[in-house]
Each structure stands twice: as structure tokens, then as C-alpha cells.
Amino acid sequence: MYSSREKLRFSNMTLDSEDVYQKPGWGRKQFLVLFVCSLLFMAVGVGIGFGVGRNHSNQEIPTASGAEKETATSPPSGSHAVDTILRNINKENIKANLRNYTSRPRMSGTSGGYELVQVLYNSWKSFGIDEVKVAPYDVLMSYPNRTNPNRVQLLTSSGDLVFQSALFEPALDSLSNNSEIIPPFNAFAAAGISEGDLVYVNYGRIEDFRYLTLNKSIDLKGKTLIARYGKIFRGDKVKNAQRYNASGIIMYTDPSDFNRGNTTYPNSWWMPPSGLQRGTVGSDGDYLTPLYPATDYAYRMDESEVLQLKIPAQPISYGDAQHFLSEMAGEEAPPDWRGDLPITYKLGPGFSNSSLRIRLEVNNFEEKRTVENVIGYIKGKTEPDRYILMGNHHDAWVFGAIDPLSGTAVLSELVRVFGDMLKSGTRPDRTIVFCAWGAEEHGLIGSTEWVEEYMKVLYERAVAYLNVDYAVDYNYVLYAGTSPLLQDSLYEATKLVPNPDSSSSAKTLYDAWKARDSSDGAEPSVYYSLGSGSDMATFYQRAGVPSIDMWFTYDENKWDILSYPVYHSAYETVYLYENFIDPDYTYTATMAQLWGVLAWNIANEDILKYDVRRYATAITTFINSLKKTFGEKWAKQNVNIGALESAAQNLTAEAATFYDKVHHMRSSSSAASVLQNRMINDRLTQFERAFIDCEGLPGRPMYKHVMFAPSMYDSYSDNSFPGIVDTMNEIEHQHAVEKWAVLKQQVSIATFTIQSAANTLKDIGL
């Protein structure tokens, strides 16, 4: 997930009315980000062509129905097509894909990245789908300086070196002993030097900075900061440091969040003391062409105008961090600020030996390079101008065996299966688009530029975007973030897929999911706040395409950690995957089954299974939470909450009426006409677009979804009613009383948007 997509996870999709400021963490109970990882893409495809399919072994995954094998002379349709998908997903193919893809580092803009694009293009072409394209964009990228790597040093007052952070992660096995591995860096962190006193800022959240400056009266101006990774997007830690006039920031993976075991890699999946997390600290999309695609004819801004981060930032390992933290002076850190290093955590500033000082040196550079997306198409037979998109990114910081290439291996296997179905005469009603994105890790660049280029078409024609950033980070339970519209489609698909856990009495993936992750016992938990941690962000936040992000993950009741431990390190290898993550590829194959069935169902339903009532219920819940949290203050300022509630009530009523109409059409003995179905389906897909405000959020025109958008203080997590919640945050915590007018405007915009959404469900609506 995006170089900063430290797949954060949110709590259940149900809103906690006690906490309007949703505080994401990497654990499921706060996962933002997270969720990192099932995206199904769709777009236009033309020109039917047949190629040679790849041979595959006879190893099969059991189907939920146990149907007999189909022959090529009996083309499957309907439920038979689903059985064909379930039966023909091949674990050995996925394993071969992953081993091939992870054979060298795959960062975008490097030889390994370009090679993988060619591998994907050639294999997808051979699978016989209608068309495969490479979509290139020339964009601004960020890289470390190999000849002069970044470093953090502990120096004496006379400049003598006491300790220096590792310039490279040391090899712990043959796989991590590779000369192509890039040195540690944070993409788009400014080159520069920060020297002086060190201050510990916990996770670097805005509340951590407020505690230090307000409660402890520590002046952060000119200081070098050190923060634990996690809880929020790393780029927001850097922004917070810059906001408080720090001169630089160091980030490390504390063992409390990434190592809960007695052994570490290569003997377990836990992060070793030498491991560190790379990742971007930049924003989404190409810096030089904001809001517009980086085509060859695009106007490009000057770098000095667009690069927002001005201070150096650098990741280090917790083994190295211990050398700096153990020397710090100042008060002892509060209990909830303490990690699991064998030291006394102190706030600073400075060191107990006053002759010591910190020196952070970053030598990153920016450069325009070509990044490439691979796009494959199967043209729909009855509605070719309606698209189901399946997406994953193909770039990795190093080997990326989990993130993202477990997802890429699955996507390629699905292209093969769908290509075989096409050759046997089975074509979906709507167009299916397979998308392998470039430069996601640098900031969702490939997908953002592609969506910007085709925004007008996607806005009118895209039915769903299904994202799988990675397939599996542990073999325990499904985790999914979704638009409320797609929730029932997801549930229906999981009921058709067999449970990958053969030791469980649960027969289907749905039953296993509900047993292991359900807030109320009635249905499995999902979250609605998709954030911007992966490639669904631009589809959802700007084009208003109903989206899903999904993956299999660990039991968070067993391990209260912020992500899978070796995230974005050189130790995220195929050895790790095959020994500790999903040894027999059963869960990986199950993700392929789920992704394929979900896409096929949406591509072939006469009437989409989107339930607008879920959206109305969510909105009512969020408004009630706003009232509970801010009601008294709003009453004193004459904020018009009554109109907002009235609009929500209107939406609830229209959603119920519309649902009844659709239900009657589905259950009627007389089939509806193609035109009638199309009218209903268009209204369902355009319903999500009703929440898109072309003006965008205050100060953030790139984010346009009025209901769900990344928090101003954490790009991994969403706020519900982001314009309202972020403005209230400014009013309450920054004493920005002048923002009350902005708050009233945002409430008015939300009211208008909800009422407009209700109007779209009416037959005429004017």
C-alpha cells in the first residue's frame, strides 16, 4: 500500500458516537488505512483477440457448490460461471507468479519495475483477453542517493562520531542479500541537514504535539524530532513537525508495534532489530500536474512551487533508534508513550550528556521518470459502456511479497481464468477492466493520473472499483472497507466462496468471516472510511465510483500490532510469505476466488445489488454522533443542524421507497425491460456521485466526497462529514473562532448534498 499506505485499519463500519474524530490505528479496531487490498477495476475495452493460454497444473480449489467440471463445449453462464471461477483458480500458478514477481526489487522508475510491467503485459496478452495496454505517465519521482545514503548520527560537541544509523538493512538471508535493494529513505522528504537537540514526539500525531507544547511547554522550533511509526500516515507526522517549526524528523518502528515474538525474521514473521519501514511522505498523484493527468501535452509546474515538505525526514530501525533514545534527557515519557525497547523513554530535549548532539542528513533527489500502468479489457456483450474495474499496484519498495505482489499474483491468475472463460464462449454483460498500477508506493501516482485522464468517462460509466492492494498479510480473517452501496454485493460473493480454513465447521467464507469478525453477530464487520491508503482513493474520493478494498489479515485480539511486522522492509520476501504468511497459498487462492466472483456478479446482474438504505442509515448515525459531540456548541452559534437532520430524514424515506421499487422489480414474475433495468442501475451508480462536491473540501480541492474523505490530520483515515469534522477540530484545538463561518457553510453544503442525493432516487427528481 501506498508507500505510505501502511494499511491502517479502522474500527467497524459502525460509527462510535463517542469519537467523532476517528482515530485510526493499524489495528483492526482503528484501521484506517487501512485495509488494504482488493481493488477490482473496469474500463473500456475493444477488439476481441484470442491468444495462447498458459498451461497450469491440475491442482484445484474446492468449490462451494461442488459442481462437476465444465467442458469447453458447454460454455458456463450464471451460477455455472461462478463455479468455473471457483474451480479454475490454481494455487500453483499464483505461487509461480509470486516467485517470479518477487525475484528482484520492483520500485517504479527502476529497471526492476519496468521489467515487471513487460512481464505483466506479455502474460496478460497470452491469456486471450480482448486487449492489453501500457499507460505511461511522465511524473516527478523521489529516490535516495546510493553513493551518499541518508544517515542519522550521534556526535560529540567536537564532531566525533559516537554512533551512526545503518546505511542499508543488513542481509539476514540470501534473498535480502541483493545489490538492487535501495537504501532507507522516505520518498519526497526534503534533502537537508538537521542538527541539535532531540525531542521524542510519540507517534507524531497532532495531539502528541499539543501535549508537548501546551502541557510540557517544550519549544520544538529548530529541534530534531523522533517519532514511532504508526497510528497516522507518516507524511502527516512530517507535516506536523514542519507545522511546529522543527528542523527534521526521524521515524522508527518500535517493537511494541512490530515485534511481539521471541524470535524475528528469518525465524518468524516479526520485524528484526535491523528492519525499517520505507514509505512516501508526499501527497497523492503527480506533483507537477495537480488535478490533471501527466500527459505529454500537460502543463507542468515548477518543482519549487509544488513540493510542500521543506524539512528532512528519515526512517531507521528500532535497533538503531535505541542508541539515540537511550541517551535522551528530560522528563520520563507518559506511560502510553512508552514502547518496548529496554530503555527509559524520555521526552528531551537533548541528551543526558550535554556534549552530545543529533545530526540527520538526507540526500534524496527528485527526478522526472516514466511510470507505467498495465490495463487489460474484456468487453461486455450487452453493456460494453459500463465498467467493473479490478485494481492492484505492481510497484514495491523492495521485494514486496505481501505488499503488493501477493495481490498482483492473484490478479494475473484471474486474467488467465477470465481469458479461458472468454475463449470458451463466456463473456460478461458489462466490461471488466484489469488494472495493475505503477508508482502507488510513491503516492498513488499511476492510478491517480489514469483516473484524471479518464475522469469524464469514469464519472458517467464506472459501476464499481474493486481494490486488492495485497491479498494476504496473515491467514486468519477477511478484512474489508467498502462504500455502503457495495456491502451487500461483497456479502453475497463471500457466501459463494468456500471457507479456506479446513479445520473450521463454517462452510463458506461468509460464515467464517462472521464468526471471527462481527460487531453484532448479525453480519460481518466492514468499515466505510476507505481513506487514501491505496488506489481506490482517487476512484472514490474524486470520481465517486463505489469502491471496495479487501485482504486477509491476522487476529487483532491475539496481536495488538499496527500492521504486519516487516512492512516495507527488505525482509518482505517470498520466503517470509511461504513460511509465515500463507504457506500453502490457500488464503491467497481464496482471495482470487472472492475477487473474481465479486467482479463477475457485478458485471452480470440484471439489477445491481446496491442497497441505498445502508447509505441513509450511515448518514443518520453520523449526524446523531455530530449532535452528541457538538450539539451544545452548535446551538450557541446558531448552526442549522435541523436542516441537516431534515435532509437525512428525506433521504431515509426516499431510500426506502426506492428499495421497495427495486425489490418489486426483482421479484416480479414479468421481466423488466433492458431499458428499465438500465435506468435503475444508472441511478444506483450515480447515487454515489451525488456526494461529490466539485469544489472540494476547504483548502483541499483534491478531496471531493462530502461524506467520506481523508482526515486533514491523517491521510490514511477518513472522517465522516470531513469538512465539518476537520473545521470543528480547528475551532476546538486551534482556537480558530473565525472558522465558525466555514463550519456553517460546511453544514449547509452537507445538507444540500444529502437532499440532492435523495432527489436522485426519485423518478423525476426536479
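This is a predicted model: local features need pLDDT of at least 70, side-chain atom pairs count only at pLDDT 80 or more; totals for chains, interfaces and linings use all residues.

Trainee: Which residues of α21 are buried?

Mentor: The buried residues of α21 are Trp740, Leu743, Gln746, Val747, Ala750, Thr751, Thr753, Ile754, Ala757 and Ala758. Seen down the axis of α21, they fall within an arc of 165°, so they line one face of the helix.

Trainee: And what covers the buried residues of α21?

Mentor: The cover includes α17 (612–636), α18 (641–667), α19 (674–689) and α20 (722–733).

Trainee: Which exposed residues does the face turned away from the buried side carry?

Mentor: That face of α21 carries Ala741 and Phe752, both exposed.

Trainee: Staying with α21, is Thr760 buried, partly exposed or exposed?

Mentor: Thr760, which has its place in helix α21, is partly exposed because its relative accessible area is 30%, and buried would require under 20%.

Trainee: What does Thr760 touch, not counting residues up to four places away in sequence?

Mentor: Thr760 touches Arg683, Phe687 and Ala690. The C-alpha atoms of Thr760 and Gln686 are separated by 8.0 Å, although these residues are 74 residues apart along the chain.

Trainee: Which backbone oxygen does the side chain of Thr760 reach?

Mentor: The side chain of Thr760 reaches the backbone oxygen of Ala757, at 2.6 Å.

Trainee: Changing topic to α2, which of its residues are buried?

Mentor: Helix α2 spans residues 91–101, and its buried residues are Lys91, Asn93, Ile94, Asn97, Leu98 and Tyr101. Viewed down the axis of α2, these residues fall within an arc of 160°, so they line one face of the helix.

Trainee: Which helices do the buried residues of α2 pack against?

Mentor: They pack against α3 (111–126), α9 (405–423), α15 (574–581) and α16 (586–604).

Trainee: What caps the N-terminal end of α2?

Mentor: Asn90 caps that end of α2, with a side-chain oxygen 2.9 Å from the backbone nitrogen of Glu92.

Trainee: One more topic: what volume does the largest pocket have?

Mentor: The volume of the largest pocket is about 580 Å³. This pocket is lined by 23 residues, of which Lys239, Ser283, Gln308, Arg700 and Tyr703 are the closest to its centre.

Trainee: Where does the largest share of that lining come from?

Mentor: Helix α5 (residues 234–243) supplies the largest share of the lining of the largest pocket, three residues.

Key
Residues are numbered from 1 along each chain as its sequence is written. Side-chain values use heavy atoms; hydrogens and water are left out. Buried means under 20% relative accessible area, exposed over 50%, partly exposed in between (1.4 Å probe, protein chains only). Helices (H or I, at least four residues) and strands (E, at least two) are DSSP runs, numbered from the N terminus. The arc is that of the directions from the helix axis to the C-beta atoms. Contact means heavy atoms within 4.5 Å. A polar contact is a pair of N or O atoms within 3.5 Å; within protein, one must be able to donate a hydrogen and the other to accept it, and residues adjacent in sequence count only if both atoms are side-chain atoms. On a 1 Å grid over the protein atoms alone, a cavity is a set of points where a 1.4 Å probe fits but cannot get out, and a pocket is an open set with protein on both sides within 12 Å along at least five of seven lines; lining residues have an atom within 4 Å of a point. Grid points are joined across faces, edges and corners, and a volume is the space filled by probe spheres set on the points.
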